[in-house]
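Me: Hi! I'd like to go through this structure with you, one topic at a time. Could you start with the charged side chains?

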Amino acid sequence: MRLNKFLSACGVASRRKCDEIIQNGQVFVNGKVASVGQEVNQKKDVVTLDGARLKLPSEFVYLKLHKPKGYACTASDERGRKTIFDLVETDARLFSVGRLDYNTEGLIFLTNDGEFANKIAHPHFHFEKEYQVTVEGEMKESELAVLRNGVVENGVKMPKTKVKFLSYDGKNTKLSVVIDEGQNHQVRRMFDCIGRTIVLLKRVRIGQVRLGGLARGKAKPMTAEEIAFFMGEK
Ligand code: URA
């Protein structure tokens, strides 16, 4: 197996980034500094990154979780807050595929397959993420048009966005917002730019995988078909 693929499968980074890490001289194979393009035998070779031995996860785990509000997406929160890893019972060393803000709820994947996580995060693949956004007050069609066209933040235009009106209950407006980039706090920033307050932000879909009826705080394994959707060539 190519060394960059091995590193990526261990969850280090994308293959391209792994090549940079190898080039920096941070990776050793059997005690010798590694080179880009090198092959490794995953069973026999000892691969280290910054002195720590890397091993492929023996069995991959892929979970979908309904993250509730009030949970951090880090392995250990420096402020001692609850984390999404408190919600799953497993011996596998899982990480989340991307992140949701502390106060965002909805669908997030957990895995120990670095290659799977890197592929979903890679901008080249443009996997859609759909959010249900509950906004204070009644939103005007002209505001939806601004969001669709890409709001301007500090002079920089944000990406065009699919925005659909869902409902207005006399107090709040519910919208469906679909983005295919993963900028930090992208949805909240869009609404900040037009001076609107988000009451609840919930991710309901990633690619073809929907949150569906998964209860808040619960996790379940992804199906083979769902995993294949992301791992197949798109
Ligand atoms: N956009 C945000 O602003 N927050 C999230 O948690 C996800 C997308």
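Reply: Happy to. With 14% relative accessibility, Glu130 counts as buried, where buried means under 20% relative accessible area, exposed over 50% and partly exposed in between (1.4 Å probe, protein chains only). Before we go on, this is a predicted model: local features need pLDDT of at least 70, side-chain atom pairs count only at pLDDT 80 or more, and totals for chains, interfaces and linings use all residues. Residues are numbered from 1 along each chain as its sequence is written, and side-chain values use heavy atoms, with hydrogens and water left out.

Me: Thanks! Which residue forms a salt bridge with Glu130?

Reply: That is Arg205, and the closest N and O atoms are 2.8 Å apart. A salt bridge here is a side-chain nitrogen of Lys or Arg within 4 Å of a carboxyl oxygen of Asp or Glu. Glu130 is in strand S8 and Arg205 in strand S13, so the pair ties together parts that are 75 residues apart in sequence. Helices (H or I, at least four residues) and strands (E, at least two) are DSSP runs, numbered from the N terminus.

Me: And is Arg205 buried or exposed?

Reply: Arg205 is buried, with a relative accessible area of 12%.

Me: How many salt bridges does a search of the whole structure find?

Reply: It finds 14. Another one of them joins Arg189 and Glu153, with the closest N and O atoms 2.9 Å apart. That pair also links distant parts of the chain: Arg189 is in helix H5 and Glu153 in strand S9 (residues 152–153), 36 residues apart.

Me: OK, switching to aromatics. How many aromatic pairs are there?

Reply: The whole-structure search gives 9 aromatic pairs. Rings of Phe, Tyr and Trp (its six-membered ring) pair if their centres lie within 6.5 Å; planes under 30 degrees apart count as stacked, over 60 as edge-to-face and the rest as tilted. Phe109 and Phe230 make an edge-to-face pair, 5.5 Å centre to centre with 70° between the planes. Phe109 sits in strand S7 (residues 104–111) and Phe230 in helix H6 (residues 224–231), 121 residues apart. Both Phe109 and Phe230 are buried.

Me: What about the rings of Phe127 and Phe230?

Reply: Their centres are 5.0 Å apart and their planes are at 70°, so this pair is edge-to-face. Phe127 is in the loop between helix H3 (114–121) and strand S8 (129–136), 103 residues from Phe230 in helix H6. Phe127 is buried too, as is Phe230. These residues are part of one aromatic cluster: Phe60, Tyr62, Phe109, Phe116, Phe125, Phe127, Phe229 and Phe230.

Me: Where does the charged end of Arg81 sit?

Reply: It sits over the ring of Tyr102, 4.1 Å from the ring's centre. For that, NZ of Lys or CZ of Arg has to be within 6 Å of the ring centre and within 35 degrees of the ring normal. Lys119 also lies over a ring face, that of Phe125, at 4.7 Å from the ring centre.

Me: Now the inside. How many residues has the largest nonpolar core?

Reply: It has 28 residues, and Val133 and Phe191 have the most contacts inside it. A nonpolar core is a set of buried Ala, Val, Leu, Ile, Met, Phe, Trp, Tyr and Cys residues joined through side-chain atoms within 4.5 Å. This core draws at least three residues from each of domain 2 (62–124 + 212–230) and domain 3 (129–206); domain bounds come from an automatic or database domain assignment. A second, separate core of 17 residues includes Phe109, Phe116, Ile120 and Leu211.

Me: Last one: how many residues of domain 2 are in contact with domain 3?

Reply: 12 residues of domain 2 are in contact with 10 residues of domain 3, contact meaning heavy atoms within 4.5 Å. Taken over C-alpha atoms, the centres of domain 2 and domain 3 are separated by 23 Å.
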